[in-house]
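Let's walk through this structure together, one region at a time. Have a look at the model first, and then read on.

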Amino acid sequence: MLRKYAFGIITLLLVLAAVLLIWMEQRQTVTQPPNKPQSLVTTFKGDPKTSRAFTWHTKSTEGEAVLQVLKGSSAAAFESGDVLEFRGATTAIENDKGVFQGVRKAEASGLAPGTGYMYRVGDGSSGGWSEPAAFETEAEESGPFTFLNVTDSQGITEQDFELWGKTLEKAFEQFPEAEFIVHNGDLTEYPEDEEAWKSLFGKASSWIRSYPLMPVTGNHEEVDKDAERFVSHFLLPDNGSDSSIAGTTYSFDYGPVHFVVLNTESKAKDQAQWLRSDLEATDKEWIIAAIHRPAYGGSSDKSVLKQWVPVFDEFGVDLVLQGHNHEYSRSYPLKDGKVVESGGAVYATVNSSGPKFNEKKEDQFYHKVHFQNYRQMFAGIRVDDNTLTYKAYDVDGRLMDEFILKHDPNN
Ligand SMILES: [Fe+2]
């Protein structure tokens, strides 16, 4: 008897379970506010001492981009405290399913140097806010500081980006004093894959909501002169080369360092002109350039070598951070294509922070250190007025390379 009805009962139970699942899913879609911030990331745009920029995406393209900031560390004060409110800009980007989503960018300005703040972003209505997070402005006196360098997170799946999340976790464990991150490009494998961007930001959210992530444009960001989705995710200084896509070249100052970020994917010659005028204008003690494809090296784009390296040499660029090779290398100081005792630039390429590693390339005359350890890596770079200390670790916390650059305090 029981056996006779067993098939019918099981089928009925399965149908009920399916209906329940669909109902729960729909309910979740309904309860998730369409302006709930996703892929939230902080960057520098204006002066790091007095301002801070934020970018997030939303399912909806409607409503406003609102940023609330308050001094101190109490999130409860958003309901009662002295809140600074900034209105940002909303644009839309078509995602790969043929529907548009909101791109929100806002910047807080007029902040006090060396001060801790809490912030949240949203559309200004209840339910539309991000979880409050903290950040700190740069100290008034340009003292020593530490930043992190990573590259080529270049993932597709959530699991891929877990590797990048673990790399950042170890990096901040090793350098808890780090104040921001420079990422040397190839953040995701397919620039149009919004799900991958979501995973990239999601797996790093503990850090990149508070510590600026300053990105470099790689060959997986700008493809066929299009970098729309990449630049939709970052609010960056708008002082770059006129002929490059806005947001793919820029410079900023932090402590005693001038950082200049170039785009190896197009318009190298125009950028050389911009680079020259940018470096002419700085009086900072140190210059660090960040590029994706290495200037010297097996996969180098010769126009980069021809156009930018003479400018690096002329203006005494100290360190060039690179990516793309998915192996570790560090050059001797180089000037005019030759190894020099001092006065040249050191070119450092840290290993991938994601799943992909290349076979080790051939050793070259300029390689001081060159290896493939098939482990995600990061570098922590500490700079004061006279000394730059670079340390590269693998994701297990093993120190893999270190060097020191010195500037004569009497010069
Ligand atoms: Fe690349």
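Predicted model: local features only at pLDDT ≥ 70, side-chain atom pairs only at ≥ 80, totals over all residues.

Residues are numbered from 1 along each chain as its sequence is written, and side-chain values use heavy atoms, with hydrogens and water left out.

Now for the metal. D186 (OD), N219 (OD1), H292 (NE2) and H324 (ND1) coordinate the iron ion at 2.0 to 2.2 Å. Donors here are N, O and S atoms within 2.8 Å of the metal (3.2 Å for Na, K and Ca); water is not among the atoms, so sites may look incomplete. Along the chain, the donors are spaced as D-x32-N-x72-H-x31-H. D186, in the loop between β10 (181–183) and α4 (194–203), and H324, in the loop between β15 (319–322) and β16 (328–331), are 138 residues apart, and the pair links distant parts of the chain. Helices (H or I, at least four residues) and strands (E, at least two) are DSSP runs numbered from the N terminus.

Next, follow α4 to its neighbour. E158, F161, E162, W164 and G165 in α3 meet A196, S199, L200 and K203 in α4, where contact means heavy atoms within 4.5 Å.
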